[in-house]
Amino acid sequence: MKKICPDVKNSICNWRLFAGILVLFCTALFSAQDQVKQLLTVRFSEVPGWFSAFCFFADHPNTLMVIPIAAPFVFAAEIEEDFRSRYVLFVCARIDRRQYYTGKILGLMFSGGFVVCGAMLLLLFTACLGFDQVTWIQENGEGMLIFYGRFILYLVCGFLNGALWALIGGLAALASHSIYAAYAFPFVLYYVLSIFQERYYGSALFLSPRYWATPFSSLGIGSIGILLLLFSAVAAAFVFVIKKRLERI
């Protein structure tokens, strides 16, 4: 475990992590301006004002589209750079290969997940400061704890979503032998899957990454299960490609 921790530490203690959080936060903040202005004008909401504003920020299509860009930005190209510099030979001579790719998977998982969760926490802070004056029309008897629980589900789903796209970026870099694929491929894949689902498979919502990204889409809590399944599949492919690359060295 001590050999794995440096990859996790390097992925988190990285200026790119904070840059990714800031980009995602600013995108969400400016993209949902029309909705939040309307909320401030009406000053009434069926849910607490802070939660309503947060949902506008987090669920905006532009926010969801930037996640596949921001999440891989932190650590996705790291492993391909190890192969290019032959640093992987030095590392694998010192530690077990399983520890090496486990560390890389954990580094990608935490870096991508923390980008999304960090941005969500900033959005929550902004929503709590700016929308506490919105009157909550409480008709169904839901307590405030319900909405705190829903926010936690957003964090869980956001973490898994960011981790998935970061791992996809790392896999793309390994498979193509290009660090640029780590940044470009996840966004292209997100866009293609979204367009194809809208145009050709309208009823198959589980094929669209837009519905994986939030636990309160039409898929409901099932989005978390889809993310876990996809993450496991991509992680298995990631390990397979690493093993093939190491055999060729």
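Helix α8 contributes the largest share of the lining of the largest cavity, namely 4 residues; helices here are DSSP runs of H or I of at least four residues, numbered from the N terminus. This is a predicted model, in which local features need pLDDT of at least 70, side-chain atom pairs count only at pLDDT 80 or more, and totals for chains, interfaces and linings use all residues. Residues are numbered from 1 along each chain as its sequence is written, and side-chain values use heavy atoms, with hydrogens and water left out.

On a 1 Å grid over the protein atoms alone, a cavity is a set of points where a 1.4 Å probe fits but cannot get out, whereas a pocket is an open set with protein on both sides within 12 Å along at least five of seven lines; lining residues have an atom within 4 Å of a point. The largest cavity has a volume of about 50 Å³, a volume being the space filled by probe spheres set on the points, which are joined across faces, edges and corners.

Both α5 (61-73) and α8 (97-130) supply at least two residues of this cavity's lining. Among the lining residues are Leu24, Ala58, Ile67, Val116 and Met120. By class, the lining comprises 8 nonpolar, 1 polar and no charged residues, where Ala, Val, Leu, Ile, Met, Phe, Trp, Tyr, Cys and Pro count as nonpolar, Asp, Glu, Lys and Arg as charged, and the others, Gly among them, as polar.

The second largest pocket holds about 150 Å³ of space. Its lining has 4 nonpolar, 5 polar and 3 charged residues, including Asp59, Glu198, Arg210 and Tyr211.
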